[in-house]
Amino acid sequence: MPELPEVETVRRGLQPAMEGVRFTKVEVRRPDLRWPFPENFAKRLEGKTLTGLGRRGKYLLADLSSGEVLLMHLGMSGSFRVSNGSAQKTPGNYHHERSKLSAHDHVVFHMSNGSVVTFNDPRRFGFMKLVPRAKLDDDPLMRAMGPEPLGNAFDAAMLAQACQGKKTSLKAALLDQRIVAGLGNIYVCEALHRARLSPKRRASTIASRTGAPNDHALRLVEGIRQVLNDAIKAGGSSLRDHRLTDGALGMFQHNFRAYDREGEKCVTPGCKGRIRRIVQTGRSTFFCPVCQK
Ligand SMILES: [Zn+2]
């Protein structure tokens, strides 16, 4: 599933084709994805200009000249393909064959600049929704979401407060989108390794009893910001079970320090540990039992 850096990579890839550009025609080829499309979906987009393409957590937010926001989520397997004449690219990193199967092309945006933006989603866990801009913050999907980890509001004090008294593991806390938005399994493993904190540690241990941040919280915020910034710079990650696309490839998987490195030597300077894999809440956690305490 794409995480924040992958969605940000997609956003940047779509921007030149869509931002400031009008929807001339919208094809919707089935009634639903994860959920039904909004009523009159195509009509509410056609003739409108996409005034700005933003992101919140793992959601793409396209502001429309109508005052509505087109909210899009990639789900497990969603991807966009941008073509203009003979040129074609697929921002982000996806399974080559599936993304090319036109049977899974569910939505096609024809833009006034000649760009054709196709949403392909074999497993149909993605979705699109229209929300009035003025009501976006009240939308259930947005309202429950924690701070943007790369935003100014996110810091050690805020993270510590959110984890205060929490008996769950630090790993589970960081995966909770109400505590911090946009992180998934990969970047949580990577951030914890950089912060040299065990994924098994109780979440509450990054805060004092009064909720003040300790050194762990400071290191963790630093680790989260670093790994996300590095991953965005690298264009996200292409996962092992995803074949390469002919579009721009994410290279961050070559920089993984813990994720998917079971049995390999820890790269922390001076550490003699090897990366271990355990299962936490049904998902693989990769960490170094020597330097992550
Ligand atoms: Zn280590």
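Because the model is predicted, local features need pLDDT of at least 70 and side-chain atom pairs count only at pLDDT 80 or more, whereas totals for chains, interfaces and linings use all residues. Residues are numbered from 1 along each chain as its sequence is written, and side-chain values use heavy atoms, with hydrogens and water left out.

**Salt bridges**

- The structure holds 16 salt bridges, a salt bridge being a side-chain nitrogen of Lys or Arg within 4 Å of a carboxyl oxygen of Asp or Glu.
- One of them joins Arg12 to Glu8, with the closest N and O atoms 2.8 Å apart, and both residues belong to helix α1 (residues 4-18), where they are four residues apart, about one turn of the helix. Helices (H or I, at least four residues) and strands (E, at least two) are DSSP runs, numbered from the N terminus.
- Arg12 is partly exposed at a relative accessible area of 46%, while Glu8, at 5% relative accessibility, counts as buried. Here buried means under 20% relative accessible area, exposed means over 50%, and partly exposed lies in between, as computed with a 1.4 Å probe on protein chains only.
- Glu8 and Arg12 also take part in a network of salt bridges that links them with Arg11, Arg55, Arg56 and Glu148.
- Arg30 forms a salt bridge with Asp32, again described by its closest N and O atoms, which are 2.8 Å apart; Arg30 is partly exposed at 24%, and Asp32 counts as partly exposed at 25%.
- Arg178 pairs with Asp176 in a salt bridge whose closest N and O atoms are 3.0 Å apart, and in this pair Arg178 is exposed at 61%, whereas Asp176 is buried at 18%.

**Zinc site**

- The protein donors of the zinc ion are the SG atoms of Cys266, Cys271, Cys288 and Cys291, which lie 2.2 to 2.3 Å from the ion. Donors are N, O and S atoms within 2.8 Å of the metal (3.2 Å for Na, K and Ca), and since water is not among the atoms, sites may look incomplete.
- The arrangement is tetrahedral because the four donor atoms subtend angles of 103 to 115 degrees around the zinc ion, and four donors count as tetrahedral if all angles lie between 85 and 135 degrees.
- Along the sequence, the donor residues follow the spacing C-x4-C-x16-C-x2-C, and two of these residues, Cys288 and Cys291, are buried.

**Helix pair**

- The axes of helix α5 (residues 156-163) and helix α8 (residues 215-233) come within 9 Å and cross at roughly 110 degrees, which makes α5 roughly perpendicular to α8, a description used for angles of 65 to 115 degrees.
- Axes are lines fitted to C-alpha atoms, for helices over the stretch in contact, and angles run from 0 to 180 degrees between N-to-C directions.

**Positive phi values**

- Most residues other than glycine have a negative phi.
- Asn40 has a positive phi, near 50 degrees; this residue lies in the loop between β1 (21-28) and α2 (41-45) and counts as exposed at 53% relative accessibility.
- Arg196 likewise has a positive phi, near 55 degrees; Arg196 lies in the loop between α7 (185-195) and α8 and is partly exposed, with a relative accessible area of 37%.

Key: Tetrahedral: all angles 85-135°; square planar, octahedral: opposite > 155°, others 65-115°. Parallel < 35°, antiparallel > 145°, perpendicular 65-115°, else oblique.
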